[in-house]
There are 2 protein chains.
Amino acid sequence: MLAPRIDVHTHLLPPELPRWAHKFGRGGFVHLEPAARDAAGRVCQARMVRDDGTAFRTIDANAWDLDARLVDCDATGVRVQVLSTVPVLFSYQARAGDGLEIARFLNDHMAEACTRHPHRFVGLGTLPLQAPDLALVELERCMGPLGLAGVEIGTHVGPWNLDADELFPIFERAAQLGAAVFVHPWDMLAPERMARYWLPWLVGMPAELAVALCSVLFGGVLERLPTLRLLFAHGGGAFAGTFGRIAHGFAARPDLCATHNPKPPSAYLGAFWVDSLLHDAAMLDVALDLYGRHRVCLGSDYPFPLGESQPGALVDANPRLTPAEQAAVRVGNALAWLGRDAADFSLGDAVR
Amino acid sequence: MLAPRIDVHTHLLPPELPRWAHKFGRGGFVHLEPAARDAAGRVCQARMVRDDGTAFRTIDANAWDLDARLVDCDATGVRVQVLSTVPVLFSYQARAGDGLEIARFLNDHMAEACTRHPHRFVGLGTLPLQAPDLALVELERCMGPLGLAGVEIGTHVGPWNLDADELFPIFERAAQLGAAVFVHPWDMLAPERMARYWLPWLVGMPAELAVALCSVLFGGVLERLPTLRLLFAHGGGAFAGTFGRIAHGFAARPDLCATHNPKPPSAYLGAFWVDSLLHDAAMLDVALDLYGRHRVCLGSDYPFPLGESQPGALVDANPRLTPAEQAAVRVGNALAWLGRDAADFSLGDAVR
């Protein structure tokens with residue numbers, strides 16, 4: 001009998017996507033094509049295809065089918081999934097109005113999924129961050145009529161890292177609205193250096209998260225917005241394993257590192273959340289000690305192959321966590337990040 | 001009384017550098033300008049300046065003055081420094097012949113330093129890797145008449161990662177000659193994403209090392225050359241903290257990861273060396289467990305500010321290492337990587 005748990009890192013997309021490239025008259029988007037059908041003729045596998053015809057990824061029905069997800073959840077102790085879109089759909093490269101249309105489409109779908117199963121799913125919206133004014137409008141809609149718990153954002157928006165002045169009003173409003181913000185890598189850096197071996201996923205994503213975390217901390221975003229609730233995917237990526245170097249760099253060269261914020265990065269440990277998706281028992285310990293046992297949330301990257309197939313298996317197996325800390329990592333820390341209560345999900349039995 | 005130690009990661013440059021930009025009629029090089037003089041009128045501080053006039057770094061006399069280095073070594077228990085050039089001098093962007101001239105100049109200087117203090121300094125050469133045929137010739141000179149122990153190479157050579165076919169003959173010959181190869185980050189990826197906060201050093205360098213390690217392992221370099229002795233700087237950078245993700249990625253998507261080598265990256269743990277420069281006691285433990293206690297060598301990045309000011313302080317303070325393992329990390333592992341004997345450096349007392 002698996003202990004009940006919230007999975008903060010799961011991706012959902014609609015069963016069909018408009019052909020945005022046709023509609024908007026320019027490329028850079030992904031669409032879906034049926035890849036397999038079940039005995040009843042329903043699509044049970046789909047290909048995510050880029051406009052240029054190259055394959056992005058083949059996905060199974062649990063990427064869009066809520067019933068299939070609930071079957072998986074019930075088998076793995078997951079009482080609640082925090083849903084966010086697949087980052088390739090962020091579409092920050094789109095024109096402002098096009099980006100807003102995409103975000104509205106995805107967010108409407110997300111809200112509908114959560115409305116159907118309000119005790120099992122809680123949703124994060126996506127924002128057209130390339131157009132901050134429009135992103136602010138959509139953020140209001142996410143946190144108002146759509147009833148989402150927050151938003152998922154990329155580790156960068158084109159040339160803007162997360163310390164960009166252009167993005168600050170969005171963080172500011174997210175803090176005011178109590179929106180949970182999930183920071184997920186996308187559009188990974190230096191593709192010309194990572195053509196082989198899935199390196200954008202294995203090296204690029206961890207580096208993206210390190211850039212994002214350093215930008216937020218050195219840029220003073222959390223200094224100016226101490227109530228902003230950020231959660232970084234993949235245990236913060238390369239940040240945890242290189243924090244010693246980062247902290248030493250700040251101390252050694254404040255002329256280069258403390259240009260926007262005099263406080264060292266260590267001042268913000270405990271001020272943000274990460275998920276537990278580290279695939280390594282020793283690194284989970286490093287993360288728990290570094291970020292704090294109240295700041296690591298179970299996250300699995302469901303339903304994707306780089307995820308943890310039994311969400312939280314590494315957490316369950318950790319001998320250093322007390323039962324109360326186990327429950328916190330499985331449930332309580334996620335509720336604190338989301339700004340939700342155990343009663344919202346009938347999870348009273350899961351928090352001690 | 002500090003235990004005797006070898007420092008595998010120290011940088012040396014000549015007291016003066018030719019104005020290569022003038023000589024070669026193109027830019028991309030660094031030269032030295034006096035920045036301060038001592039009471040006797042000798043230059044005691046210099047600026048490393050790019051051809052475009054922008055400052056790269058200010059350095060003290062211990063970057064070139066052997067006597068100053070020996071004073072520091074004697075104060076910190078360092079019996080032997082492994083010397084390598086400053087990576088900005090690799091100059092892989094230069095034309096082939098120009099690159100060879102630069103390498104010859106730097107290697108002549110390196111060999112002279114080691115000849116002056118053969119029990120205290122052991123040198124690594126640099127190669128014009130952008131011209132593999134010339135690099136092979138210079139490798140022979142390094143390992144023959146110059147008496148160096150091996151070479152220092154960058155994490156990439158322009159667009160080539162370390163799995164490039166162009167570079168394989170150099171690794172092959174290095175293995176045949178018994179050359180120790182020190183892999184050091186340089187020319188860090190995605191500069192457009194790292195304009196602030198010294199991010200090329202804090203995030204770019206660790207990512208460079210992860211790209212380099214993945215390229216060597218997934219590319220089958222160590223599979224084809226099991227006797228090649230590679231040491232990766234900075235404890236392998238981001239690799240240690242993200243190894244779980246990398247190994248899981250290989251298992252999850254062999255179609256993308258096992259394209260050049262069917263063996264998983266875990267097959268090569270213990271087959272290469274790293275230095276101990278992690279600035280984090282917990283990550284030093286992770287590295288010792290991951291790479292093996294016989295594969296971590298004390299390295300400090302002397303004399304630079306991101307280094308460990310007391311070389312090996314983190315190793316000395318590690319309570320999990322037995323005295324024999326401490327001696328191995330301080331001395332024995334470095335000798336094995338270098339292909340040298342304790343007697344070569346009068347280090348008989350330092351290895352148990």
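Is A:Asp187 buried, exposed or partly exposed? A:Asp187 comes out as partly exposed, because its relative accessibility is 45%. We're looking at a predicted model here, with chain A and chain B burying about 4500 Å² between them.

**Where the chains meet**

- On the contact count, 52 residues of chain B touch 52 residues of chain A.
- Of the roughly 4500 Å² buried between chain B and chain A, 63% sits on carbon and sulfur atoms.
- For polar contacts across the interface of chain B and chain A, the tally is 14 residue pairs, with both residues at pLDDT 80 or more.
- Four helices of chain B, namely α6 (199–218), α8 (239–252), α9 (254–257) and α10 (281–291), each put at least two residues into the side that touches chain A.
- Among the contributors to that side of chain B, α6(B) has the largest share, with 13 residues.
- Sorted by class, the side of chain B that touches chain A holds 28 nonpolar, 17 polar and seven charged residues.
- One cross-chain salt bridge to look up pairs the side chain of A:Arg193 with that of B:Glu208, at 2.8 Å from N to O.

**Charged pairs in chain A**

- A:Arg320 and A:Asp285 make a side-chain salt bridge, 3.0 Å from N to O.
- A:Arg320 sits in the loop between α11 (313–316) and α12 (323–338) of chain A while A:Asp285 belongs to helix α10 (residues 281–291), so this pair ties together parts 35 residues apart in sequence.
- The two ends get separate labels: A:Arg320 is partly exposed because its relative accessibility is 36%, whereas A:Asp285 is buried at 19%, and the cut-off for buried is under 20%.
- A second salt bridge joins the side chains of A:Glu325 and A:Arg293, with an N to O distance of 2.9 Å.
- This one also links distant parts of the chain: A:Glu325 is in helix α12 of chain A and A:Arg293 is in the loop between α10 and β11 (296–297), 32 residues apart.
- Both partners count as partly exposed, with A:Glu325 at a relative accessible area of 22% and A:Arg293 at 23%.

- Over in chain B, the side chains of B:Asp108 and B:Arg141 form a salt bridge at 2.9 Å, N to O.
- B:Asp108 is part of helix α3 (residues 96–116) and B:Arg141 is part of helix α4 (residues 132–143), so the bridge ties together parts of chain B that are 33 residues apart in sequence.
- B:Asp108 is partly exposed at 37% relative accessibility, while B:Arg141 is buried, with a relative accessible area of 14%.
- Back in chain A, salt bridges with shared partners connect A:Asp285, A:Asp289, A:Arg293, A:Arg320 and A:Glu325 into one network.

- As background, most peptide bonds are trans, and most residues other than glycine have a negative phi.
- In chain A, the peptide bond between A:Tyr302 and A:Pro303 is cis, with omega about 0°, and A:Pro303 falls in the loop between β11 and α11 of chain A.
- In chain B, a cis peptide bond joins B:Tyr302 and B:Pro303, with omega about 0°, and B:Pro303 lies in the loop between β11 (296–297) and α11 (313–316) of chain B.
- A:Asp187 isn't a glycine, yet its phi is positive at about 45°.
- You'll find A:Asp187 in the loop between β8 (180–184) and α6 (199–218) of chain A.
- B:His234 is another residue other than glycine with a positive phi, near 55°.
- Its spot is the loop between β9 (229–232) and α8 of chain B, and B:His234 counts as buried because its relative accessibility is 3%.

Note on methods:
Residues are numbered from 1 along each chain as its sequence is written. Chains are lettered from A and ligands numbered from 1 in the order in which they are written. This is a predicted model: local features need pLDDT of at least 70, side-chain atom pairs count only at pLDDT 80 or more; totals for chains, interfaces and linings use all residues. Side-chain values use heavy atoms; hydrogens and water are left out. Contact means heavy atoms within 4.5 Å. Buried area is the accessible area (1.4 Å probe) that two parts lose on being put together, summed over both. A salt bridge is a side-chain nitrogen of Lys or Arg within 4 Å of a carboxyl oxygen of Asp or Glu. A polar contact is a pair of N or O atoms within 3.5 Å; within protein, one must be able to donate a hydrogen and the other to accept it, and residues adjacent in sequence count only if both atoms are side-chain atoms. Ala, Val, Leu, Ile, Met, Phe, Trp, Tyr, Cys and Pro count as nonpolar, Asp, Glu, Lys and Arg as charged, and the others, Gly among them, as polar. Buried means under 20% relative accessible area, exposed over 50%, partly exposed in between (1.4 Å probe, protein chains only).
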